[in-house]
Amino acid sequence: MAKKHRKAPSNQKNSTVEDSATSLSDLMSDDMLAKLKGMKQEMKAEEDMKLEQEKEKRIQERKEREKNKSFEELLEEYGYDGTKY
């Protein structure tokens with residue numbers, strides 16, 4: 001005779017996960033939560049500033065490359081139509 005295997009109820013596992021998630025916030029004081037939120041905002045502001053600086057750097061590099069192009073490169077890029085002048 002084959003015995004049927006029974007699975008353990010999964011409700012018990014889920015409730016312990018939920019309890020541990022809420023208990024973590026319960027264990028932390030309001031001051032600690034405020035500090036963490038402040039650190040999160042500071043890190044986001046630093047990241048945004050870093051991205052803006054990288055964007056400005058790329059723009060400056062593009063302008064510098066454009067400024068330093070040779071006459072030949074400019075002719076190749078924009079073409080030459082001698083009949084205009």
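Helix α3 is followed by G79, whose phi is positive, near 80 degrees. Helices here are DSSP runs of H or I of at least four residues, and strands are runs of E of at least two, numbered from the N terminus.

This is a predicted model, in which local features need pLDDT of at least 70 and side-chain atom pairs count only at pLDDT 80 or more, while totals for chains, interfaces and linings use all residues. Residues are numbered from 1 along each chain as its sequence is written, and side-chain values use heavy atoms, with hydrogens and water left out.

**Fold and confidence**

The chain has three helices and zero strands, in the order α-α-α from the N terminus. The mean pLDDT (the predictor's confidence in each residue, from 0 to 100) of the chain is 79, and 67% of the residues reach 70 or more. Where pLDDT is low, the predicted coordinates should not be read in detail.

**Exposure**

Of the 85 residues of the chain, 0% count as buried. Buried means under 20% relative accessible area, exposed over 50%, and partly exposed in between (1.4 Å probe, protein chains only). The accessible surface of the chain comes to about 9,100 Å², of which 54% belongs to carbon and sulfur atoms.

**Salt bridges**

The structure holds three salt bridges, each defined as a side-chain nitrogen of Lys or Arg within 4 Å of a carboxyl oxygen of Asp or Glu.

| Pair | N to O distance |
|---|---|
| E64 and K67 | 4.0 Å |
| K69 and E66 | 3.3 Å |
| K69 and E77 | 2.1 Å |

E64 and K67 are separated by about one helical turn, because they are three residues apart in helix α2. E64 is partly exposed at 34% relative accessible area, whereas K67 is exposed at 61%. E66, K69 and E77 are linked in a network of salt bridges. K69 is partly exposed at 26%, and so is E77 at 41%.

**Negative patch**

A surface patch of negative charge gathers E42, E46, E47, D48, E52, E54 and E56. Patches are made of residues with over 30% relative accessible area and no salt bridge, with like charges joined within 9 Å and nonpolar side chains (Val, Leu, Ile, Met, Phe, Trp, Tyr) within 5 Å. E56 lies in helix α2, residues 30-67, and at 45% relative accessibility counts as partly exposed.

How values were computed: Accessible areas come from the Shrake-Rupley method with a 1.4 Å probe; for residues, only the protein chains shown count as cover. Lys and Arg count as positive and Asp and Glu as negative; His and the chain ends are not counted. The place of a charge is taken as NZ of Lys, CZ of Arg, CG of Asp or CD of Glu.
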